[in-house]
Amino acid sequence: MSDQQLTDIKDPHRTLVIITYALFLSGLLIGGLPTIVGLIIAYVKRKDLEGTVYFDHFRFLIRTFWLSLLGAVIGALLSFIGIGFIVIVVVGLWYAVRIIYGFIKVLDKKPVNPTSWLL
């Protein structure tokens, strides 16, 4: 193993953010509980990451969760007039794109823009 790979393994902040992204992604695939666990981790540990490239990743994940929950609620309400399913699918795609995008960014040790609407 190279020195860079050893350094990557020893970075607990990066590892925590990767685990949190994995929880968000698995929540999309198997149900919401892993996402809730990831959200709690993001809220509890974000202060520990201040001043690092990973701080904005937790803000990005928290914002993604709340905006997707809002979109799902709006979609559910709109299902009564027949367009809710489309809204829920679009929100689900938006959620997946943001999680995958952020996951790739954290693997590359790059920041994300936590206040953006898309990426």
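Analyst: Read along the sequence, the chain runs α-α-α-α-α. This is a predicted model. There are five helices and zero strands. The C-alpha atoms fill a box of roughly 60 × 25 × 25 Å along the principal axes. Of the 119 residues, 34% are buried. Take contacts between residues at least 6 apart in sequence: 61% of them join residues at least 24 apart.

Start with threonine 64. Its place is in helix α4, which spans residues 55-78. Is threonine 64 buried or exposed? The relative accessible area of threonine 64 is 0%, so the residue is buried, the cut-off being under 20%. Its side chain has polar partners. A polar atom of that side chain lies 2.7 Å from the backbone oxygen of phenylalanine 60. The side chain of threonine 64 also makes a polar contact of 2.7 Å with the side chain of arginine 98. Set aside neighbours within four places in sequence, and threonine 64 touches Trp94, Tyr95, Arg98 and Ile99.

Two of those names return in another packing pair. Tyr95 and Ile99 belong to the α5 side of the contact between α2 and α5.

Now that pair. Helix α2 covers residues 12-30 and helix α5 covers residues 84-107. Their axes are 10 Å apart, at an angle of about 160°. Angles over 145 degrees count as roughly antiparallel, so α2 is roughly antiparallel to α5. The crossing of α2 past α5 is left-handed. From α2 come Arg14, Val17, Ile18, Tyr21, Ala22, Phe24, Leu25 and Leu28. From α5 come Tyr95, Ala96, Ile99, Ile100, Gly102, Phe103, Val106 and Leu107. By class, this contact holds 14 nonpolar residues, one polar and one charged.

Back to α4, and its packing against α3. Helix α3 is residues 33-45. The axes of α3 and α4 come within 9 Å and cross at roughly 135°. On α3 the contact uses Thr35, Ile36, Leu39, Ile41, Ala42, Tyr43 and Lys45. On α4 it uses Phe58, Ile62, Phe65 and Trp66. The class count here is nine nonpolar, one polar and one charged.

In short, threonine 64 sits in α4 and contacts residues including Tyr95 and Ile99, which α5 also uses against α2.

Methods:
Residues numbered from 1 in each chain as written. Predicted model: local features only at pLDDT ≥ 70, side-chain atom pairs only at ≥ 80, totals over all residues. Heavy atoms only, no water. Axes fitted to C-alpha atoms, helices over the stretch in contact; angles between N-to-C directions. Helix = DSSP H or I, 4+ residues; strand = E, 2+ residues; numbered from the N terminus. Parallel < 35°, antiparallel > 145°, perpendicular 65-115°, else oblique. Left-handed = near helix turned anticlockwise from the far one by under 90°. Contact = heavy atoms within 4.5 Å. Nonpolar A, V, L, I, M, F, W, Y, C, P; charged D, E, K, R; others polar. Buried < 20%, exposed > 50% of the residue type's maximum accessible area, 1.4 Å probe, protein only. Polar contact = N/O pair within 3.5 Å; in protein donor to acceptor, adjacent residues only side chain to side chain.
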